[in-house]
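Me: I would like to learn how to read a structure one feature at a time. Please give the general idea, then the case at hand.

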Amino acid sequence: MQTEPNATVELDRTADQPPSSHIARDCLMTRARQISRILTSVYDDALRPLGIVAPQFSLLVLIAEFGPLSRSDLGRRTRHERSTLTRNLQPLIAHGWVTESVPASDGRSRPLSLTHEGKTLLKNAACAWSAAQGHAARLLGEDGARALMNIARQLPPCIS
């Protein structure tokens, strides 16, 4: 169904049901978070033997692709809150997979980059990621996986 960007999606609702019933049944946010938790557990299970979980792995990939970059730039790209980003970066830095460089010319930002060990971890994790990717695709089905990727491509870009 095509709708205007700010239009609401009107779904069937029986007048005698409380709003919570309608919301519990039809809430897009609730369903998206449910899908997210299930997919995260698939990737967590595959990556855990390597000592990393899915959110940390995603940060490693982004730092490899876009680094060196500051925490604030990484946070804007991922739309993470500062505390969430810090919580997921701390183990990466503690294990020596990510390093923060000396402050940049502005004296404040400390660019993040992968260390040699981080690059090795990323290379070693590729097989686990591939297995998780296959499992996730099977859970979603071919059409569901394609739809999810298409939706993600159509979302507004993160501020960079």
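Reply: Start with a pair of helices: H2 and H3 are roughly perpendicular to each other, because their axes cross at roughly 80°. The model is a predicted one.

Me: How are two packed helices described in general?

Reply: Two numbers are used: the angle between the axes and the distance between the axes. Here H2 covers residues 28-47, and its axis comes within 8 Å of the axis of H3.

Me: Which residues of H2 and H3 make the contact?

Reply: From H2 the contact takes Thr40, Tyr43, Asp44 and Leu47, and from H3 it takes Ala54, Pro55 and Phe57. Sorted by class, the contact of H2 with H3 has five nonpolar residues, one polar and one charged.

Me: At roughly what angle do the axes of H3 and H5 cross?

Reply: The axes of H3 (residues 54-66) and H5 (residues 82-94) cross at roughly 80° and come within 9 Å. H3 is therefore roughly perpendicular to H5, as angles from 65 to 115 degrees count as such.

Me: Which residues of H3 and H5 meet?

Reply: On the H3 side they are Pro55, Gln56, Leu59, Leu60 and Ile63. On the H5 side they are Leu85, Asn88, Leu89, Pro91 and Leu92. The contact of H3 with H5 divides into eight nonpolar residues, two polar and no charged. Pro55 is listed in the contact of H3 with H2 and also in that of H3 with H5.

Me: How many helices and strands does the whole chain have?

Reply: The chain has six helices and two strands. Read from the N terminus, the order is α-α-α-α-α-β-β-α.

Me: What share of the chain is buried, and what share of its contacts joins residues at least 24 apart?

Reply: Of the 160 residues in the chain, 24% are buried. For the contacts, the count takes residues at least 6 apart in sequence, and 50% of these contacts join residues at least 24 apart.

Me: Where does arginine 79 lie, and is it buried or exposed?

Reply: Arginine 79 lies in the loop between H4 and H5. Its relative accessibility is 52%, so arginine 79 counts as exposed, the cut-off being over 50%.

Me: Which ring does the charged end of arginine 77 sit over?

Reply: The charged end of arginine 77 sits over the ring of phenylalanine 66, 3.8 Å from the centre of that ring. As for pairs of aromatic rings, the structure holds zero.

Me: Which residues does glutamate 100 touch, apart from those up to four places away in sequence?

Reply: Glutamate 100, found in strand S1, touches Arg71, Ile93, Arg110, Pro111 and Leu112. Glutamate 100 has a relative accessible area of 22%, so it is partly exposed.

Me: Where is arginine 108, and how far is its C-alpha atom from that of serine 70?

Reply: Arginine 108 is in the loop between strand S1 (98-100) and strand S2 (112-114). With a relative accessible area of 71%, arginine 108 is exposed.

Me: What is glutamate 117 in contact with, leaving aside neighbours within four places in sequence?

Reply: Glutamate 117 is in contact with Gly96 and Trp97. The place of glutamate 117 is in H6, residues 116-154. The C-alpha atoms of glutamate 117 and tryptophan 97 are separated by 5.3 Å, and glutamate 117 counts as partly exposed at 45% relative accessibility.

Conventions:
Residues numbered from 1 in each chain as written. Predicted model: local features only at pLDDT ≥ 70, side-chain atom pairs only at ≥ 80, totals over all residues. Heavy atoms only, no water. Phe/Tyr/Trp six-rings, centres within 6.5 Å; stacked < 30°, edge-to-face > 60°. Lys NZ or Arg CZ within 6 Å of the ring centre and 35° of its normal. Axes fitted to C-alpha atoms, helices over the stretch in contact; angles between N-to-C directions. Helix = DSSP H or I, 4+ residues; strand = E, 2+ residues; numbered from the N terminus. Parallel < 35°, antiparallel > 145°, perpendicular 65-115°, else oblique. Contact = heavy atoms within 4.5 Å. Nonpolar A, V, L, I, M, F, W, Y, C, P; charged D, E, K, R; others polar. Buried < 20%, exposed > 50% of the residue type's maximum accessible area, 1.4 Å probe, protein only.
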